[in-house]
Each structure stands twice: as structure tokens, then as C-alpha cells.
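User: I'm new to this one, could you walk me through it once it's on screen?
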Amino acid sequence: MRTLLTNATLIDCVTPEPRPATSVLIESGRIQQILPAAARIDAADAEVIDLAGDCLMPGLWDAHIHPDYLSLAEVPLADQVTLFGNRLRAALTESGITGLRCAGSHHYMDVAWKRAFDSGLFVGPRLFAAGHFLTTTGGHFLTSGHALECDGPYGFVKAIREQIKSGVDHIKLNLSGGIMGPAWDRHQNSFLLADELKAAFDICRLREFKVMAHATNPDAVKAAIRLGAHSVEHGYILDDECIELFLEHGTWYVPTLSISHLTPGQASNDWEKRWVKQRNLSHALCCRADDASGVHAEWFRKALAAGVKMALGSDIRPLQDAALLELGLWVRDGASPWQALQAATRHGAAVCGVGDEYGTVEVGKRADLIVVAGNPLADIHNVRRLRLVLKDGRVVADKRSTPASSDAAP
Ligand SMILES: [Zn+2]
């Protein structure tokens, strides 16, 4: 099974210059050759798709997601399972998000859907599962249904062992509070005692499971990095020492700008305004987000300028809008479109531990690719002008005959 994509403007996410008039040959789900369109390719048996100059790039990655957080009292579990899968599928086919890293779900729905997609029973994105996120009694975001309240060193150890037994890919550990919660769930506060932290990180190290660490203030961020976290999520408040520690330990930073930036007062384009209107967040939560966003943006810029390893993660729903909104916010906050695209492709795959197989368009890599109608390096919102989505070299969404409404500039 061979597919030849011709007349592509290639954005490989390795080098920042697009390569016009390029052909990409895919065989058995992998990128076999990348050549100038004029070069001769023996593709007699291949399916040929002429991209007519559209941009071919790696599929997008969202490295911090919760497909949904519905109440079991309001939506029965079986309905939630199907909705969860639908959200993931839509992210792939409607927005070209080919890889996702989960940051919390209940009843291990992320594990179940990961297995379903991997088995080929259903078409869906690459998924990396967290199971529950672990916090303390009176901890972070308890209304989500994803939180597991743990207390004492062995409380954390037992919960982590249960996540491992249930098939997760990484452990989501919440070291501190957040923006979206009751008054006692504050991002300025850390929640775990030193012996709880130590035990949690010790057991993850023994079992060789990566820690995805929710850390929102300088103390929590430093503790996470020093104890060996694989990635720090949010980092709403950092300091210079945090930046030094990120660089020294090579820890990933996933800033989730959407959480502090998407409020009625801050929405700056029609996509953001539409999202804010639909989500209808409470006034109290919007005030907390508005208060936090300036500092958050400032440390985002400092981390980026310092060369901290950063991947894009949205932390919002619905998934098909989330990564696209987050990409826009990265650029609004000072990232170049190139930096934002790398964060959402190459770095997304790398933070999930599969950078050798995914995240760029290079010979030998798996062909999880998207085609968009405009150049995202000229205007990041061109990622919304989706034409094709390929997973393992197979077209899983074709929008060429039905231009999306998002084509229209806001
Ligand atoms: Zn989250």
C-alpha cells in the first residue's frame, strides 16, 4: 500500500523554511521518500494525491487534555464513555490533532479508548493515558470526577500502583491548586507534604513511570523538577530559579495558556469570543483567570526566551477547538508561529516519549500528517484551514470538497 502526495508545500517542522513543490511517498504507513516534485518516483502502484500547493505538515499534538469532565449524576457512565471517544475522534478528523496526552479522566476511559484506537477497531488519534489525577483530600479540581484524593505517603503510593495496574502511560500528580476551583483551591498554594511528595516520586521512579506534574507556583515547580518530574504543567507563576532548574534538568514545560487567557475580557478574536460565550464560565472564575494571566504570560515569554523545552497543551474542551485556540494564544503572547508549530508537533510527540516515530515529516517516520490550505508560518490561524488528515499514511478525513467555515477569517 503506497501513497504519493505531490505538489506539497512541505513544512516538516525540522527546518523553518517551507519547501514548495515537494513530493512525499508513503509506504506501509511510513514516510519512504521526500523529493522535489520534478524528481522521478516509481509510483506506478501508488495512490497519487495532488495537493496543489497546499501545506503538508505533521499532525498536531495536544499534550494536556481532559476530553470531558461531566458529572456522573447528570450523565450516565455509559453515555460518558461514548462521548469521550467521540471527542477524541473529532479532534483527529475535524482539527488534525493526531496525538493527545491525557491529564486526567475517570473510570480509565482514556485507557479504554487508547486500546480501542490502537486495535484499529475505531479511527482515532494516538492517545497517552493518565487515568485519575492524584491530589489530596481537599485538593485540586475535585468536581472534575477525575481527581483521586490521596493522603499520606502510602496513600499516594497505593493510588499510583492502582493507576499502573489499570494500564496508564504516565502518572498525573497534582502538587498544588488551580485557577478553576473553589476559594480553598488556589494556585498559589502547594498541597502535598514533603514525605507525600517524596513517596509519590519514589514509587514512580522505581516503576519507571513518568510524572506529569501539575505545579502552579514556584515552590511546587521547583519541588517537581528536583524530584524528577518529566513535565511541569501550567506554571502560572515561576521565578528565575525555576527557569534555571528547567534548563538544568531538561524538564518539559506545558504552559496551558488557555486556562488563564480565555475570558470575556481577554478574548481577542471571533474564535476566542465564540468559545468564551459557549463555555459561559462563572464571573468568579473569570476574575481569577484575569488576575493570573499577566504573570502567566510574562513567565511564558521568559521560559521561551531562555530556551526551556516547551510543548503545547490546552487543558480545555472541546478538544477539536482546544489546541487551535492554544496555538493562537502562544503567538499572541510572543511565540513565533514557528515556535508554536514546533510546540504542537515535534515537541508534543517528544513529551509523550515518541519523538523518534512522530512529530515531524522525515524519512522513516510514521505518516501522521495534515494538509492545510494556507501557510501557518505566515498566519498561525491557517492551521484551521484543514484539507486532509492522514494517520499511518491512510486518509482519515478529507475536507477538500467541503471548505470548513473556519476558512473565513474572523
Ligand atoms: Zn489539566
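Analyst: Contact here means heavy atoms within 4.5 Å, axes are lines fitted to C-alpha atoms, for helices over the stretch in contact, and angles run from 0 to 180 degrees between N-to-C directions. Helices (H or I, at least four residues) and strands (E, at least two) are DSSP runs, numbered from the N terminus. This is a predicted model, in which local features need pLDDT of at least 70, side-chain atom pairs count only at pLDDT 80 or more, and totals for chains, interfaces and linings use all residues. Residues are numbered from 1 along each chain as its sequence is written, and side-chain values use heavy atoms, with hydrogens and water left out.

User: Which strands does helix α10 lie across?
Analyst: Helix α10, residues 319-332, lies across β6 and β7 and runs at about 100° to β6.

User: And helix α1? Which strands does that one lie across?
Analyst: Helix α1, residues 77-95, lies across β6, β7 and β8, at about 150° to β7.

User: In what order do the strands of that sheet come?
Analyst: The open sheet has three strands in the order β6-β7-β8, with parallel pairing, where two strands pair if DSSP finds at least two bridges between them. Its edge strands are β6 (60-65) and β8 (126-128), each pairing on one side only.

User: How many bridges join β6 to β7?
Analyst: Four bridges join β6 to β7, residues 97-102, and Leu60 stands opposite Ile97 in β7.

User: New topic: what coordinates the zinc ion?
Analyst: His64 (NE2), His66 (NE2) and Asp315 (OD) coordinate the zinc ion at 2.1 to 2.2 Å. Donors are N, O and S atoms within 2.8 Å of the metal (3.2 Å for Na, K and Ca), and water is not among the atoms, so sites may look incomplete.

User: Are His64 and His66 buried or exposed?
Analyst: Both His64 and His66 are buried, meaning under 20% relative accessible area, with exposed over 50% and partly exposed in between (1.4 Å probe, protein chains only).
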